[in-house]
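Me: I've got a protein here and I'd like to go through it bit by bit. Can you help me make sense of it?

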Amino acid sequence: MIKVTVWNEFLHEKIHDEVKKVYPDGIHQALAKGIAGDGIEVATATLEEPEHGLTEERLANTDVLIWWGHMGHDQVDDAIVQRVQQRVWNGMGLIVLHSGHFSKIFKKLMGTGCDLKWREAGEKERIWVVNPAHPIAAGLPEYITIDSEEMYGEHFDIPAPDELIFVSWFEGGEVFRSGCTFNRGQGKIFYFRPGHETYPTYYNPQVLQVIQNGVRWAAPSGAAVPVRGNHQPLEPIANKG
Ligand code: ZN
């Protein structure tokens, strides 16, 4: 079983009727329902819980953390961000969705500004698979069409991704690197673009397929944790001075 925790700030859904209509139980519940099963076990956590639901114990029991945030980025405690970063370095997978590009944890792990162009015009997005051999693209057609989404456009201020899986085209003319992977320490990170809160994107079976694939890809490999620091020789050394 891969143990997933879906973290959502869970603010828009309580404040904005337009969002509540689309995700009455919150984005985290829609995602949890959408990806659970087939060897994936899902729990959820939200901003308002003590320690934002991301206690040492919870993180120790999480193979892959999924992150959705937007208006509450600044309300996330720096100590918790530090804790999540350490867990990623030690091998926990992290999937950052949509407006999570501006979350403290994503910016900290990327080390860049992570800014981009955006527009809310309910336009068509076509997400092209540009790395069909990658496990995150497993089972997908050549492209996924989303009839109505927010636009994110280049330049996306991230470090050059280790792997680029998807590139989005938008009706208004912009393009965006919408599926990127990064390794940090022993952890694998997948950024996936779609999922503005006013659109039913997280009910789209192909979008859910990508996130499920991402979970399987980002799950810890089981490789030994490297030992760092001063090291004793494995073989006798003929010290020649
Ligand atoms: Zn958005």
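Predicted model: local features only at pLDDT ≥ 70, side-chain atom pairs only at ≥ 80, totals over all residues.

Me: How many of the 14 residues of α7 are buried?
Reply: Buried here means under 20% relative accessible area. α7 is largely enclosed by the rest of the structure, because the buried count among its 14 residues is ten.

Me: What span should the 14 residues of helix α7 have, at 1.5 Å a residue?
Reply: Helix α7 runs over residues 205-218. The expected span is 1.5 Å times one less than the number of residues.

Me: Which residue caps the N-terminal end of α7?
Reply: Look for a side-chain oxygen that lies 2.8 Å from the backbone nitrogen of Q206. That oxygen belongs to N204.

Me: Now the metal: which residues are the protein donors of the zinc ion?
Reply: The donors lie 2.0 to 2.1 Å from the zinc ion, and their spacing along the chain reads H-x51-E-x45-H. H98 is in the loop between β4 and α6 while E150 is in strand β6, so the pair ties together parts that are 52 residues apart in sequence.

Me: Is H98 buried or exposed?
Reply: The cut-off for buried is under 20% relative accessible area. H98 has 1% relative accessibility, so H98 counts as buried.

Note on methods: Residues numbered from 1 in each chain as written. Heavy atoms only, no water. Donors = N, O, S within 2.8 Å, 3.2 Å for Na, K, Ca; no water. Helix = DSSP H or I, 4+ residues; strand = E, 2+ residues; numbered from the N terminus. Buried < 20%, exposed > 50% of the residue type's maximum accessible area, 1.4 Å probe, protein only. Polar contact = N/O pair within 3.5 Å; in protein donor to acceptor, adjacent residues only side chain to side chain.
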